[in-house]
Amino acid sequence: MSRWMNPKKVLCIVYVAAMFVVAMDATVLNVTLQTISQELDVPPAASGILNVGYLVSLAIVLPMAGWLGDKWGTKRTFLLALAIFTGASALCSFADSLTSLTLFRVVQGIGGGLLTPVGMAMLFRTFPPQERAKVSRSLILPIAIAPAIGPIVSGLMVEHFTWRWIFYVNLPIGIPALLFGLFWLKEHKEPNAGRLDVPGFLLSAPGLALLMYALSQGPLHGWNAPRVWIAGLAGMILLAALVKVELSVKQPLLDLRLLGNRLFRTTGFIAMCASAGLLGMLYVFPLMYQNALHVSALETGLTTFPEAIGLMIASQLVPWTYPRLGPRRVIIMGLLATSLILILLSMVDANTNPWFIRCLLFGVGIFLGQTVGSVQIAAFATIPPTSMGRASTWFTVQNRLGPAIGLAVLSGILAAVGTGSVNAAGDMEPNLMAYRAALLGAAGFLLIGVGFACWIRDSDAAATIRKPVASKPVKEQASPVES
């Protein structure tokens with residue numbers, strides 16, 4: 001392998017490419033749902049099954065991702081997942097019915113559910129703790145750019161081509177990444193991976209799937225709907241049984257004993273709160289901007305895009321701020337600053353200068369971007385390489401639950417306050433207070449994260465903090481005059 005093709009650079013290239021298509025896929029479909037329902041001749045509400053199928057299949061395979069990577073090899077598992085995701089994207093583009101498109105989306109979810117935790121385990125095994133702050137500069141790209149350009153890409157594809165192109169765009173990225181990784185990615189297996197924890201899988205897979213289903217459908221159909229509360233209750237019962245089973249198994253599928261690690265436990269809860277607040281804000285603010293302030297969808301997308309730019313800049317700042325300030329200060333300051341910005345966003349109205357709003361969203365990216373980067377670096381500081389696969393799986397599970405909980409809570413706030421009211425003339429008027437209350441709810445998630453961050457000890461993450469090399473003092477010799 002040439003000097004340029006060293007294992008660390010190869011891994012970064014493959015990981016960033018794979019995560020880019022997965023992250024973009026999470027936002028690219030929403031804009032096209034109405035167009036898809038019209039072309040496939042189904043009611044608009046029925047097309048929502050495309051997102052539900054993806055989330056449920058992702059939740060089913062997610063718990064076993066760490067074990068698969070350890071047992072089969074991280075390279076084999078990661079590339080298989082990328083091949084499944086890319087192949088399913090191609091099949092989605094040829095679907096001629098809602099049933100077939102839903103089936104292919106389910107297959108996509110299987111690939112997407114395996115990619116993130118296995119890729120994260122590969123990264124943290126390859127890069128030692130003291131190098132993880134630097135590598136975060138490149139790894140933020142799929143997190144920052146892909147979700148932001150997803151709606152823009154889908155809008156352009158639908159307007160100038162066809163909705164099928166939103167799946168075609170995954171192929172020029174996924175196929176080269178797959179071939180590149182096949183030739184140059186290094187394999188890693190854990191010799192003591194053990195057998196599959198079948199009871200853990202039979203409890204975690206349906207438990208997480210039912211809970212994700214309830215959290216995603218509750219805001220749409222109401223929490224009193226039988227299919228929602230029954231699914232949620234069944235999911236929580238299965239997950240409660242999972243806790244008892246996993247604590248009695250020598251090699252559990254979801255290693256709950258990792259929560260005994262104070263730093264890993266604390267950063268995991270912070271990650272949940274941060275993702276709930278960020279994704280909740282990105283859900284509520286566009287609704288407020290379009291429905292209550294009557295701004296076009298295009299202008300809304302352009303107004304929210306500075307948040308992604310802020311995330312990119314934050315990724316360049318983390319390698320400087322993290323080792324100098326320590327994770328505790330960076331995380332607390334980032335969460336507090338972002339909370340203040342969300343409070344200011346809740347006060348905007350039709351007379352607010354759009355550039356002021358863009359500056360606020362840019363600030364969200366700057367401050368919360370450093371928080372997210374620092375949390376991810378610190379979370380695995382004390383995790384040994386042998387436990388990295390299961391640790392990354394558990395961390396990913398928490399990161400998936402965070403946005404689902406955030407969206408469920410904020411949607412509940414919108415429904416409770418009411419997004420509109422009928423005036424004397426019988427016309428529906430938007431209720432700006434509902435959106436403001438939801439944005440304050442998003443800020444509340446971040447403030448909860450601040451409470452958890454107060455428990456962080458920088459000494460626990462010492463391995464990830466670059467210490468300056470002390471220069472040896474030069475022994476001065478007396479001059480002839482002095483002697």
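Let me begin with a definition: a residue is called buried when its relative accessible area is under 20%, exposed when that area is over 50%, and partly exposed in between, using a 1.4 Å probe and protein chains only. By that rule F285, at 0% relative accessibility, counts as buried.

What we have here is a predicted model, in which local features need pLDDT of at least 70 and side-chain atom pairs count only at pLDDT 80 or more, while totals for chains, interfaces and linings use all residues. Residues are numbered from 1 along each chain as its sequence is written, and side-chain values use heavy atoms, with hydrogens and water left out.

A nonpolar core is a set of buried Ala, Val, Leu, Ile, Met, Phe, Trp, Tyr and Cys residues joined through side-chain atoms within 4.5 Å. The largest one has 111 residues, and F285 is listed with F78, L115, M281, L345 and F380 as having the most contacts inside it. Helix 12 gives the most to this core, with 14 residues, helices being DSSP runs of H or I of at least four residues, numbered from the N terminus. Leaving aside residues up to four places away in sequence, F285 touches T303, T304, L345, I357, L361 and L439, where contact means heavy atoms within 4.5 Å.

Next, the aromatic rings. Rings of Phe, Tyr and Trp (its six-membered ring) pair if their centres lie within 6.5 Å, and planes under 30 degrees apart count as stacked, over 60 as edge-to-face and the rest as tilted. The whole structure holds 12 such pairs. One of them joins F161 and W165, a tilted pair at 5.5 Å centre to centre with 45° between the planes. The rings of F285 and Y289, by contrast, have centres 5.1 Å apart and planes at 25°, so that pair is stacked. Both F285 and Y289 lie in helix 12, four residues apart, about one turn of the helix.

Terms used. Helix = DSSP H or I, 4+ residues; strand = E, 2+ residues; numbered from the N terminus.
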